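This briefing is intended to be read beside the sequence and the model.

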Amino acid sequence: MSILSDMKQRKTGQAGMRTINTLYFYLTEGCNLACRHCWMGPRFDATGNHYPTLPVELFETAIREAKPLGLSGVKLTGGEPLLHPHFTRLLEIVRREELKLTIETNGLLCTPEIAAEIAKSPNRFVSVSIDGTDAATHEWVRGVPGAFEAARQAVRSLVAAGTRPQIIFTVMRSNAGQVDAMVRMAEEQGAASLKFNVVQPTARGEKLHENQETLNIGDLIELGRHVEQELAPKTKLKIFFHYPHAFRALHRIASGDGCSACGIFGILGVIASGHYALCGIGEQVPDLIFGAVGKARLEEVWRENAILKALREGLPERLEGVCGRCLMKGRCLGACIAQNYYSKGSLWAPYWFCEQAEEAGLFPTSRLGTRPTQSPLITIGNAASE
Amino acid sequence: MNQTDRPIANPIVVLREEFDDWAVLFNPDTAEAVGTNPVGVAVWKRMDGKRSIEDIAAEIKNSFEDAPDAAFKEIAAFVNRLAENGFVGLELESK
């Protein structure tokens, strides 16, 4: 019987040196889909031959330098990671180094043979993006005919090889009516979990927001509650709605559902150009690139980079706006620092979702609270005589 | 004066009950907060300086069908954690 869910869990001790838990490898600058909501905005590349991919040597170098700093896992993402010309070689390296493997894929290239290679990693997690329960809906989002059946086949291949993936569904105006049906489809497909993502207003996602093809803040909050309170109890699937901690039911947080926290203290990105970056945002925001793999020493980047140091020293206390007043800030850490920086040019800017919710009067008041301002000392004396 | 074993909720702490019967305990003096489940809420409401932890645990066991045998131990730990954070005190003995 868990009684307490401590909201200030990460409040102290953050200025100290952290370990790199996970390197996020954004392996390709191109992608074989053209998704309307993509926060990375890679260029279309059906075969993976046209745009840079991360050289295998740099992949190995980053891992070699990160292991003494505590590295325990890697995430392979893109662009589209399976477009990488030496993808199976990368899998071998991950196995050799005994690292936890996470892959985010659109599934197009996930053949039974690739699924079998992935399954050789004992500690693995794979997510496949599917944004609709029918081809027309999914492919309107993804921009390429045949993408729907390919993604479903990828899930089947992964399951057959012994990896039950997570399906990721990004909600927008065109597919919000399929949320309930998506739970059934994920169950039928044999997925282990289903995550509903919100479109981030970065890169192409920003255009989608501007064109009002995303849900408004009230609809998003309502949908999140529907997923957490009505759909989740009725299915054996683990299902998540990826919105900030302030909107999540306490019992969901206490049960260990760690969605919606920025992993900023334990992750570092490596982008396809061969540079360290805060995360994939480095593809969009050059300020958040921290040095070239193989030229800059990773230990030095991790310990000395001014932005990383500022984040360790400043989070969560320096968060501004509604995030600064939120009781969940010690867990949530501003939800997504990269997104906040992209939107406002400040590491401490509030998260757009929470800001919009507050403006609409929809931010949960039970999750807000600030320390009262101390009264200044009263000066005693006759100022006029001085 | 000596302390009793009767916990008393810090009167400045605000109990904010949420839609799922869980709640946030918020201390406006320190801006610290803890989340608590429905059992914790029931315990909080009984910390009036008159009931002992044992009394509270007995009432909780009668009120919740699925209260485990270890309820007293868990409630005592809960009260202790709140006390460490200044959310709860122990009533003083009256003369």
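In which loop of chain A is the place of P316(A)? P316(A) sits in the loop between α11 (306-314) and α12 (321-324) of chain A, and a cis peptide bond with omega of about 0° joins L315(A) to P316(A). The model is predicted: local features need pLDDT of at least 70, side-chain atom pairs count only at pLDDT 80 or more, and totals for chains, interfaces and linings use all residues. Residues are numbered from 1 along each chain as its sequence is written, while chains are lettered from A and ligands numbered from 1 in the order in which they are written.

**Confidence**

- The model has an ipTM of 0.84 and a pTM of 0.89.
- Mean pLDDT (the predictor's confidence in each residue, from 0 to 100) is 89 for chain B, where 92% of the residues score at least 70.
- Among the elements of chain B, the lowest mean pLDDT, 81, belongs to strand β5 (residues 88-92), and the highest, 96, to β2(B).

**Backbone features**

- Helices (H or I, at least four residues) and strands (E, at least two) are DSSP runs, numbered from the N terminus.
- A cis peptide bond also joins G78(A) and G79(A), with omega about 5°; G79(A) is located in the loop between β5 and α2 of chain A.
- A335(A), a residue other than glycine, has a positive phi near 70°, and its place is in the loop between α13 (329-332) and α14 (337-344) of chain A.
- D21(B), likewise a residue other than glycine, has a positive phi near 75° and lies in the loop between β2 (14-17) and β3 (23-27) of chain B.
- A residue is buried if 20 or more other C-beta atoms lie within 10 Å of its own, exposed if 12 or fewer, and partly exposed in between, with C-beta atoms placed from the backbone.
- A335(A) counts as buried because 26 other C-beta atoms lie within 10 Å.
- D21(B) has 13 C-beta neighbours inside 10 Å and is therefore partly exposed.

- In soluble globular proteins, nonpolar side chains tend to be buried together.
- Contact requires C-beta atoms, placed from the backbone, within 7 Å.
- Leaving aside residues up to four places away in sequence, L23(A) touches A62(A), I63(A), A66(A), L71(A), V74(A), L268(A) and V270(A).
- Helix α1 (residues 56-66) of chain A has F59(A), A62(A), I63(A), E65(A) and A66(A) as buried residues.
- The buried residues of α1(A) pack against β2 (22-26), β5 (73-77), α2 (87-96), β11 (267-271) and α10 (298-304) of chain A.

**Chain B as a whole**

- Chain B contains three helices and five strands, in the order β-β-β-β-α-α-α-β from the N terminus.
- Along the principal axes, the C-alpha atoms of chain B fill a box of roughly 40 × 35 × 15 Å.
- Of the 95 residues in chain B, 32% are buried.
- Of the contacts in chain B between residues at least 6 apart in sequence, 49% join residues at least 24 apart.

How values were computed
Two residues are in contact if their C-beta atoms, placed from the backbone, lie within 7 Å.
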